Amino acid sequence: MKNKGIIILIVILAVLMGTAAVANMFSYTATEYALDTMCTVTAYGFNSKSAVTDAFDTLKKLEAKLSVHRETSDISRLNREKRAHLDEDVFNMIKTAKMVSDDTNGAFDITVKPLVDLWNIKGGGPVPSEKEITYRLNSILNADIQVDLEKRDVYFANSDTQIDLGGIAKGYCADKVAKVLENHDIKSALIDLGGNVRTIGKKKGKVWRIGIQDPKKKRGEYFGVLSISDKCVVTSGAYERYFTENGKVYHHILDPHTGYPADSGITSVSIIADDGAIADALSTAVYVLGVSDGLALLNSSEYDDVGYIIIDKNGKVYISENIDFEITSESYVEG
Ligand code: ADP
Ligand code: MG
């Protein structure tokens with residue numbers, strides 16, 4: 001009898017271990033550099049490998065259309081020729097960008113490209129002259145992007161206008177990657193395009209727990225944990241890309257009204273939403289707007305289904321009521 005009990009126990013253990021091992025076998029993760037950042041896609045399920053491979057193919061194709069660094073991209077062609085007939089993806093991004101731009105009084109503005117080039121934040125500066133900044137600010141002020149919704153044509157009325165989709169592209173692409181995975185029947189996945197995170201379903205039956213970067217600590221150190229499923233979360237912060245000159249930090253989120261890196265008193269803003277492009281654009285916009293105007297926008301009826309986590313320079317955290325977020329670092333308090 002005793003032996004029989006032991007045998008049953010061994011069999012149960014073997015079955016349990018077998019199930020876990022089988023579940024692990026059907027997951028696949030890949031990390032590649034795309035869209036100017038590290039992208040990681042993890043999928044669970046029988047088709048995970050082909051799904052993730054297909055996801056990266058899609059990302060590369062999107063990048064080829066979007067990149068301002070490639071002369072052959074649709075965006076470079078549009079910036080050169082000032083008019084173009086566009087495919088659905090590029091057109092959708094421009095359309096959403098224009099909408100967020102209108103809603104944020106131009107805090108988000110894809111026509112910042114001449115300023116982005118001037119500041120050369122990625123290349124390490126230097127700080128440009130006031131005269132040069134004013135000159136490029138004028139091109140933003142005069143920009144007039146006209147779109148033909150039916151034909152998907154875009155036209156720049158001003159010949160100085162150039163656009164840069166860097167503030168919205170990763171969010172849009174994360175949604176596209178999610179669709180590719182879902183077409184492969186993936187029911188559980190985590191997509192992370194340089195801090196633009198999108199989740200599908202649950203992770204082994206539980207909601208996804210996403211660490212939110214502590215803006216004062218090195219990459220991977222979190223100040224809190226967000227629980228989500230089937231949502232995206234996008235974080236913007238000055239700690240991502242910057243250079244230092246005479247002890248002052250100059251970062252990559254520019255205020256289209258001043259021509260300088262935004263200095264709004266926010267150190268980090270995360271937006272949680274269904275639509276990745278909107279989340280990405282809003283996170284950049286709120287960073288520029290600051291706490292007071294940012295909260296007014298996010299609490300307005302237009303965006304009341306959007307969640308947020310905003311940290312100000314004193315470590316005070318503003319959290320919307322429609323999300324499940326827990327602060328785990330003692331350096332931060334809810335405001
Ligand atoms: P990240 O790319 O690090 O996730 P953001 O989403 O905030 O950060 O986008 C910053 C990028 O967007 C910049 O590198 C630049 O290309 C562009 N950009 C900078 N300022 C603005 C702005 N005010 N509106 C729209 N795009 C911007
Ligand atoms: Mg953004």
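This is a predicted model: local features need pLDDT of at least 70, side-chain atom pairs count only at pLDDT 80 or more; totals for chains, interfaces and linings use all residues.
Local features are taken at pLDDT of at least 70 and side-chain atom pairs at pLDDT 80 or more, while totals for chains, interfaces and linings use all residues; side-chain values rest on heavy atoms, with hydrogens and water left out. Residues are numbered from 1 along each chain as its sequence is written, and chains are lettered from A and ligands numbered from 1 in the order in which they are written.

Let's begin with the overall picture. The protein chain holds nine helices and 17 strands; these are DSSP runs, H or I of at least four residues for helices and E of at least two for strands, numbered from the N terminus. Its C-alpha trace spans about 90 × 45 × 40 Å along the principal axes. The radius of gyration, taken over C-alpha atoms, is compared with a globule rule of 2.2 Å times the number of residues to the power 0.38. For 335 residues a compact globule would come out near 20 Å, and the 22 Å of the protein chain agrees with that. Contact here means heavy atoms within 4.5 Å. Take the contacts between residues at least 6 apart in sequence, and 59% of them join residues at least 24 apart.

Now for the helix packing. Two packed helices are described by the angle between their axes and the distance between the axes. The axes are lines fitted to C-alpha atoms, for helices over the stretch in contact, and the angles run from 0 to 180 degrees between N-to-C directions. Start with helix H7 (residues 169–183) and helix H8 (residues 276–289), whose axes come within 7 Å and cross at roughly 160 degrees. That makes H7 roughly antiparallel to H8; the cut-offs are under 35 degrees for roughly parallel, over 145 for roughly antiparallel, 65 to 115 for roughly perpendicular, and oblique for the rest. H7 passes H8 in a right-handed crossing, meaning that the near helix is turned clockwise from the far one by less than a right angle, with anticlockwise being left-handed. On the H7 side the contact is made by Ala169, Lys170, Gly171, Tyr172 and Asp175, and on the H8 side by Gly276, Ala277 and Asp280. These residues split into three nonpolar, two polar and three charged, with Ala, Val, Leu, Ile, Met, Phe, Trp, Tyr, Cys and Pro counted as nonpolar, Asp, Glu, Lys and Arg as charged, and the others, Gly among them, as polar.

Leaving aside residues up to four places away in sequence, glycine 276 touches Gly171, Tyr172, Asp175, Arg198, Cys232 and Val234.

H7 also meets H2: the two axes come within 9 Å and cross at roughly 145 degrees, and H2 passes H7 in a right-handed crossing. From H2 come Ala51, Val52, Asp54, Ala55, Thr58, Leu59, Leu62 and Leu66, which meet Ala169, Cys173, Lys176, Val177, Val180 and Leu181 in H7. The tally for this contact is eleven nonpolar, one polar and two charged.

Staying with H2 (residues 48–66), glutamate 63 has its place there. Glutamate 63 is buried, with a relative accessible area of 14%. Its contacts, not counting residues up to four places away in sequence, are Ala34, Leu35, Asp36 and Arg70. Over in helix H7 lies asparagine 183, which counts as exposed at 70% relative accessibility.

Most residues other than glycine have a negative phi, and most peptide bonds are trans. Lysine 82, in the loop between helix H3 (74–81) and strand E3 (83–85), has a positive phi near 70 degrees, and at 15% relative accessibility lysine 82 counts as buried. Asparagine 105 has a positive phi too, near 55 degrees; its loop runs between helix H4 (88–103) and H5, and asparagine 105 is exposed at 61%. Finally, the peptide bond from glycine 125 to proline 126 is cis, with omega near 5 degrees, and proline 126 sits in the loop between helix H5 (113–119) and helix H6 (130–141).

Note on methods: Buried means under 20% relative accessible area, exposed over 50%, partly exposed in between (1.4 Å probe, protein chains only).
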